[in-house]
Amino acid sequence: MSHVYMSTEIQEAVLELQAMRERVRAIRTHLCEPKSNANPRYLALSNVVSNLTKAIEDLEAETG
């Protein structure tokens with residue numbers, strides 16, 4: 001697989017993951033009360049956002 005193809009594939013994956021992260025944030029905002037880590041749903045969705053961010057950062061570092 002060529003470097004250019006991998007780079008494009010990674011960029012596309014990053015864009016998808018960023019869209020997922022924004023969608024999860026929107027769901028968390030609209031469906032979680034209280035907005036606190038004491039709320040299990042809010043905490044779980046916050047963890048999803050955090051893990052998506054880690055995956056995005058890892059992929060971006062690969063294309064550096």
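1. Buried means under 20% relative accessible area, exposed means over 50%, and partly exposed lies in between (1.4 Å probe, protein chains only). By that cut-off R21 is buried, because its relative accessible area is 14%.

2. On the basis of the note: this is a predicted model, in which local features need pLDDT of at least 70 and side-chain atom pairs count only at pLDDT 80 or more, while totals for chains, interfaces and linings use all residues. Residues are numbered from 1 along each chain as its sequence is written, and side-chain values use heavy atoms, with hydrogens and water left out.

3. I56 sits in helix 2, residues 40-63. Helices (H or I, at least four residues) and strands (E, at least two) are DSSP runs, numbered from the N terminus. I56 has 2% relative accessibility and therefore counts as buried.

4. What does I56 touch, leaving aside its neighbours within four places in sequence? Its contacts (heavy atoms within 4.5 Å) are V14, L17, Q18 and R21. E16 is 40 residues from I56 along the chain, and their C-alpha atoms are separated by 9.6 Å.

5. A nonpolar core here is a set of buried Ala, Val, Leu, Ile, Met, Phe, Trp, Tyr and Cys residues joined through side-chain atoms within 4.5 Å. The largest one has six residues: I10, V14, L17, L52, I56 and L59. Helix 1 (3-31) and helix 2 each supply at least two residues of this core. Another core, of five residues, lies apart from it; C32, Y42, L45 and V49 are among its members.

6. How many salt bridges does the structure hold? There are three. The criterion is a side-chain nitrogen of Lys or Arg within 4 Å of a carboxyl oxygen of Asp or Glu.

7. R21, E22 and R25 form a network of salt bridges. In the R21 to E22 bridge, the closest N and O atoms are 3.8 Å apart. The R25 to E22 bridge has an N to O distance of 2.7 Å. R25 and E22 are three residues apart in helix 1, so about one helical turn separates them.

8. K35 is partly exposed, with a relative accessible area of 41%. E33 counts as exposed, because its relative accessibility is 61%.
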